[in-house]
Amino acid sequence: MKREMIEKVVEKAVECNFISLNECNLSEDERRQEIIEVIKRDIDEENKKAIEALANEFGEYILEAAKYTTLDDSTGEKRPITTVELAELIYGEYWRVQGEISEIINE
């Protein structure tokens with residue numbers, strides 16, 4: 001979540017009396033900035049966890065994809081996928097994961 005959006009959320013929370021900027025030894029502006037930083041840090045940590053999970057999922061996908069089989073067009077028999085087929089699968093999955101990571105980062 002971009003900082004500007006977090007600032008709007010904090011301002012709305014203050015307006016609605018969900019949080020107070022007066023109940024500590026900091027100035028209102030310092031307290032506001034502290035709240036914004038805590039929210040941003042928590043969001044960044046959650047994003048990091050989500051990205052790590054996607055990376056782990058991608059690694060597992062690669063290991064599993066190596067075991068894939070397909071039907072041979074000429075013989076009709078099951079055969080392991082070729083290196084080119086495996087590369088195409090991994091390439092497609094890579095871009096899917098990259099898209100999800102971009103969405104997380106750009107929220």
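## Helix packing and burial

Glutamate 93 lies in helix α3. The model is a predicted one. With a relative accessible area of 12%, glutamate 93 is buried, because the cut-off for burial is under 20%. Leaving aside residues up to four places away in sequence, glutamate 93 touches Glu57, Phe58 and Tyr61. Glu57, Phe58 and Tyr61 are among the α2 residues that meet α3.

Helix α2 covers residues 28–65 and helix α3 covers residues 83–105. The two pack at an angle of about 175°, and their axes are 10 Å apart. An angle over 145 degrees counts as roughly antiparallel, and α2 and α3 are therefore roughly antiparallel to each other. On the α2 side the contact is made by Asn47, Ala50, Ile51, Leu54, Glu57, Phe58, Tyr61, Ile62 and Ala65. Their counterparts in α3 include Leu86, Leu89, Ile90, Glu93, Tyr94 and Val97. By class, the residues of this contact divide into 15 nonpolar, 1 polar and 4 charged.

The length of α2 agrees with expectation: at 1.5 Å a residue, its 38 residues should span 56 Å, and its end C-alpha atoms are 55 Å apart. Buried residues in α2 are Arg32, Ile35, Ile36, Ile43, Asn47, Leu54, Phe58, Tyr61 and Ala65. The elements that cover them include α1 (3–15) and α3.

The aromatic pairs come to 4. One of them joins tyrosine 61 and tyrosine 68 edge-to-face, with 6.4 Å centre to centre and 85° between the planes. Tyrosine 61 counts as buried, while tyrosine 68 is partly exposed. Phe58, Tyr91, Tyr94 and Trp95 form one aromatic cluster. Of these residues, Phe58 in α2 and Tyr94 in α3 also belong to the contact between the two helices.

Serine 20 is placed in the loop between α1 and α2. Its C-alpha atom is separated by 22 Å from that of lysine 2, 18 residues apart along the chain. Serine 20 is partly exposed.

| Residue | Relative accessible area | Class |
|---|---|---|
| Glutamate 93 | 12% | buried |
| Tyrosine 61 | 19% | buried |
| Serine 20 | 23% | partly exposed |
| Tyrosine 68 | 33% | partly exposed |

Key:
Residues are numbered from 1 along each chain as its sequence is written. This is a predicted model: local features need pLDDT of at least 70, side-chain atom pairs count only at pLDDT 80 or more; totals for chains, interfaces and linings use all residues. Side-chain values use heavy atoms; hydrogens and water are left out. Axes are lines fitted to C-alpha atoms, for helices over the stretch in contact, and angles run from 0 to 180 degrees between N-to-C directions. Helices (H or I, at least four residues) and strands (E, at least two) are DSSP runs, numbered from the N terminus. Angles under 35 degrees count as roughly parallel, over 145 as roughly antiparallel, 65 to 115 as roughly perpendicular and the rest as oblique. Contact means heavy atoms within 4.5 Å. Ala, Val, Leu, Ile, Met, Phe, Trp, Tyr, Cys and Pro count as nonpolar, Asp, Glu, Lys and Arg as charged, and the others, Gly among them, as polar. Rings of Phe, Tyr and Trp (its six-membered ring) pair if their centres lie within 6.5 Å; planes under 30 degrees apart count as stacked, over 60 as edge-to-face and the rest as tilted. Buried means under 20% relative accessible area, exposed over 50%, partly exposed in between (1.4 Å probe, protein chains only). The expected span of a helix is 1.5 Å times one less than its number of residues.
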